[in-house]
Amino acid sequence: MAQQSELFKKLVAHCKEYGFIYQSSEIYDGLSAVYDYGPNGVLLKNNLKEYWWKAMVQMHENIVGLDAAIFMHPKTWVASGHVDAFNDPLIDNKDSKRRYRADQLIEGYMEKIEGKIDKEVEKARKRFGDSFNEALFRETNDRVVKYKEEHENVRLRFADLMTRQDLVGMKDMIDELEIADPETGSRNWTEVRQFNLMFSTQLGNIAGEEGKLYLRPETAQGIFVNFLNVQKTTRQKLPFGIAQIGKAFRNEIVARQFIFRMREFEQMEMQFFVRPGTEMEWYNHWKETRMKWHLALGTPPEKLRFHDHDNLAHYANAAVDIEFEFPFGFKELEGIHSRTDFDLSSHQQLSGKKLQYFDPELNENYVPYVVETSIGADRMFLSLLSNALIEETVPGSDEDGNTRDVLKLPPALAPIKCAVLPLKRNEDALVEKARGIFDELKFSFTCHYDDTGSIGKLYRRQDAIGTPFCITVDFETLENDTVTIRERDSMTQQRVPIAQVEKMVSEKVDMRHLLK
Ligand code: GAP
């Protein structure tokens, strides 16, 4: 864990140093849980969103796009249940005056039990060496069995409390388990209260409740209220989907872990409208399809897993998370939810407008069921970077220094696809030639020109931002119009005619590789 938190610190520092992510309003000491994307960050995030959009919209004839406004009629959030039920259980520590989410304190307790089990397993692995049978040990070791039982009891009780939103029960549980303030160790807690996560603002000059507007906490509702508009204008037949990328806002009680949990973030959501009764079939379909999308990025399969929800949101009859192993453990990256007809029916009821579909095959009208896929663009960004950032030694290399930080991003997502570097910056002929190549390549993809250091330093700089190809212009270039192309991961170099560079790089950074 200590190693992992070092990795996380390094990642946060790397993001700032190389222009990926800055704390918002840093000169005023920052605004908590709000971040700005720098020059490389915005390019990477745009590529990531493009990959999602192409995979969901361009590759599916029956999925269309939408860009709904952030502000919606306030009744939207009454119908969706967010005004009443979009709450987190909040608890304060009376001594430290720190504020926590009660559910996260209990989850932290369960993680500690998991940590104890892992410790026992590791001890036994060392003791038994090659003959160690981990599965058998987990099933039979007395201490491990006891911890597992305790974990299961806590999990079941906790799931029940969350489903019933039993705040008193949650406080009792925190007291009984003797859960302490993680920062100070104090057990002097207040009661648990509900805290609504929606930000609100006022419309124009209308004072009071009447002019109260919410900043959307999910993009999905913009899709639901437009369901009939889109269906009619595109003449889509069920099953079909509507996809959207956009900002969402949540007043998170505890916002930690960098861009994992933010107060302003971006979602990539798709609502898939289906005939009632077929929703589980589509739920399973989208589970598999979305997992493939993640694996196509080269994410190691052991870093991804499904996690079924123990307590379902107010709108769902089935829900699963795709979890990723972040540097701070396995956490939710994406949610796939079977939302039934909850949203459309609620909007239909409150607005008095029919939100039904006429099914020509069944010759009847009904409110469709919905299967949703929902992923945070920022969380996905963090998972990409935590996979990609690698510190490695460069054995027997003539490049500067013998270690390097390299971002092994999929080439199609890399912020800069190719850097053009003159071997020597004080040689006018090299600089002029390199500039000429750069001025041509920039029509095809994002490109850097750099002559501000030794070639070794320039390579390191490009490695650190994940540039898959560096084109070096040297004296031979002046003689025969060839350059070297250095590939980021293998660091191998190949001499090629300048005329072939554009085609070679374009082919390698093509998003088709991910989509196929
Ligand atoms: N429409 C369904 C919905 O919003 P959710 O599980 O609350 O479901 C979906 O959120 C995804 O949005 C999450 O899996 C996560 O990737 C992202 N997300 C949610 N809250 C976030 C936050 N505070 N900061 C960053 N990303 C967040």
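I begin with a contact between Glu26 and Lys16, whose side chains meet in a salt bridge with an N to O distance of 3.1 Å. Glu26 belongs to the loop between strand 1 (21–23) and strand 2 (35–37), while Lys16 is part of helix 1, so this pair ties together parts that are 10 residues apart in sequence. Glu26 has a relative accessible area of 40% and is partly exposed; Lys16, at 42% relative accessibility, also counts as partly exposed. Please keep in mind that this is a predicted model.

Glu391 pairs with Lys10, and their closest N and O atoms are 2.8 Å apart. This one links distant parts of the chain, with Glu391 in strand 17 (residues 389–393), Lys10 in helix 1 (residues 2–17), and 381 residues from one to the other. Is Glu391 buried or exposed? Its relative accessibility is 54%, so it counts as exposed, the threshold being over 50%. Lys10, at 26%, counts as partly exposed.

The third pair has another setting. Glu266 and Lys45 form a salt bridge with 2.6 Å from N to O. Since Glu266 lies in strand 10 (residues 264–274) and Lys45 in helix 2 (residues 39–58), the pair ties together parts that are 221 residues apart in sequence. Glu266 counts as buried at 9% relative accessibility, and Lys45 counts as buried at 7%. Salt bridges with shared partners also join Glu392, Arg404, Lys408, Arg460, Asp463 and Arg486 into one network. How many salt bridges are there? The count comes to 46.

Strand 3 runs parallel to strand 9 (residues 240–249), and 4 bridges join the two; Val64 stands opposite Ile242 in strand 9.

Finally, the aromatic rings. The structure holds 21 aromatic pairs. One of them is edge-to-face, because the rings of Phe224 and Phe273 have their planes at 90 degrees, with centres 6.4 Å apart. Phe224 sits in helix 9 (residues 220–225) and Phe273 in strand 10, so this pair ties together parts that are 49 residues apart in sequence. Phe224 is buried at 0% relative accessibility, and Phe273 is buried with a relative accessible area of 0%. The rings of Phe272 and Trp282, by contrast, have planes at 55 degrees and centres 4.9 Å apart, so that pair is tilted. Phe272 is in strand 10 and Trp282 in helix 11 (residues 279–295), and both residues are buried.

One aromatic cluster is formed by Phe8, Tyr35, Phe258, Phe260, Phe324, Phe326 and Phe328. Over the ring of Phe260 sits the charged end of Arg379, 3.7 Å from the ring centre. Likewise, the charged end of Lys287 sits over the ring of Phe306, 4.8 Å from its centre.

Conventions
Residues numbered from 1 in each chain as written. Predicted model: local features only at pLDDT ≥ 70, side-chain atom pairs only at ≥ 80, totals over all residues. Heavy atoms only, no water. Salt bridge = Lys/Arg side-chain N within 4 Å of Asp/Glu carboxyl O. Buried < 20%, exposed > 50% of the residue type's maximum accessible area, 1.4 Å probe, protein only. Pairing = 2+ DSSP bridges. Phe/Tyr/Trp six-rings, centres within 6.5 Å; stacked < 30°, edge-to-face > 60°. Lys NZ or Arg CZ within 6 Å of the ring centre and 35° of its normal.
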